Amino acid sequence: CSEGGVIPTLAGIVGCMQANEAIKYITGDKDVLEGKLWIFNAQTGEAKIIGLGNTAHKKITRLQETVPTISLEELKKGIYDLIDVRSNAEHQAYNIGGKNIPLEDLETMDMNHSFSKPTVFYCSAGKRSAAAVRKTKERFSEAELYSLKGGVNGIIEKDAYLPRQTIIND
């Protein structure tokens, strides 16, 4: 995909198949593709289904909840507390302000953060900050929490300059 892109018609075909599987699942149809691999050759139009055996059977019990994200542009416009969940070394190398509480310390720490303002967690790319939002939401359900979309890597890639004083009052 990164070299040749995605063929739009193929995305449409696969999307329709996924929608069809969702309808079959919701209506209780017994002939879903659970535990099977659907292979489609866009060049020939041929499709085949391969059974994956018992090891691939996993029941869907719930949909993964989405974590609220905030873009750099939105962050610049508002007043937010920032928490960097990367390691101390990563924080020292490049940060956009706020407290540094590594993700692995977040669960065990006694959080003395008030969450009186909306809080944005950030990391390198957004994965750890999303985990931080989920973990913190369990303890502080009323808090307004966000993950910085794209993390600091997104800021560095855009070559953006985000002065510390414009986002947070320490």
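How many disulfides does the structure hold? The structure, a predicted model, holds 0 disulfides, a disulfide being a pair of cysteine sulfur atoms within 2.5 Å. Cys-16 is exposed, with a relative accessible area of 55%, whereas Cys-123 is buried, at 1%. Here buried means under 20% relative accessible area, exposed over 50%, and partly exposed in between (1.4 Å probe, protein chains only). In this predicted model local features need pLDDT of at least 70 and side-chain atom pairs count only at pLDDT 80 or more, while totals for chains, interfaces and linings use all residues. Residues are numbered from 1 along each chain as its sequence is written, and side-chain values use heavy atoms, with hydrogens and water left out.

The protein has 6 helices and 7 strands. Helices (H or I, at least four residues) and strands (E, at least two) are DSSP runs, numbered from the N terminus. In that direction the elements run α-β-β-β-α-β-α-β-α-β-α-β-α. Of the 170 residues in the protein, 33% are buried. Among contacts (heavy atoms within 4.5 Å) between residues at least 6 apart in sequence, 61% join residues at least 24 apart. Helix α1 (residues 8–26) has 19 residues and spans 27 Å from its first C-alpha to its last, close to the 27 Å expected at 1.5 Å a residue; the expected span is 1.5 Å times one less than the number of residues. Gly-28, which follows α1, has a positive phi near 80°.

An open sheet is formed by 5 strands in the order β3-β7-β6-β4-β5, with parallel pairing. Strands β3 (69–70) and β5 (99–100) stand at the edges, and each has a single partner strand, so one side of each lacks a neighbour in the sheet. Two strands pair if DSSP finds at least two bridges between them; β4 (residues 81–84) and β6 pair in the parallel sense over 4 bridges. Ile-83 stands opposite Phe-121 in β6. Helix α5 packs on the sheet, touching β6 and β7, and its direction makes about 170° with that of β7. For such angles, axes are lines fitted to C-alpha atoms, for helices over the stretch in contact, and values run from 0 to 180 degrees between N-to-C directions.

Helix α5 has 13 residues and reaches 19 Å from its first C-alpha to its last, close to the expected 18 Å. Its buried residues are Ser-129, Ala-130, Ala-131, Ala-132, Val-133 and Thr-136, and their cover includes α4 (103–106), β6 and β7. Ser-147, in strand β7 (residues 145–148), is buried, with a relative accessible area of 2%. Its side chain makes a polar contact of 2.5 Å with the side chain of Ser-129. A polar contact is a pair of N or O atoms within 3.5 Å; within protein, one must be able to donate a hydrogen and the other to accept it, and residues adjacent in sequence count only if both atoms are side-chain atoms. Beyond its neighbours within four places in sequence, Ser-147 is in contact with residues including Val-67, Ile-70, Phe-121, Ala-130 and Val-133.

Ser-124 lies in the loop between β6 (119–122) and α5 (127–139). Ser-124 counts as buried, at 17% relative accessibility. Not counting residues up to four places away in sequence, Ser-124 touches Arg-86, Glu-90, Gly-150, Gly-151, Val-152 and Asn-153. The side chains of Ser-124 and Glu-90 are joined by a polar contact of 3.4 Å. The C-alpha atoms of Ser-124 and Asn-95, 29 residues apart along the chain, are separated by 9.7 Å.
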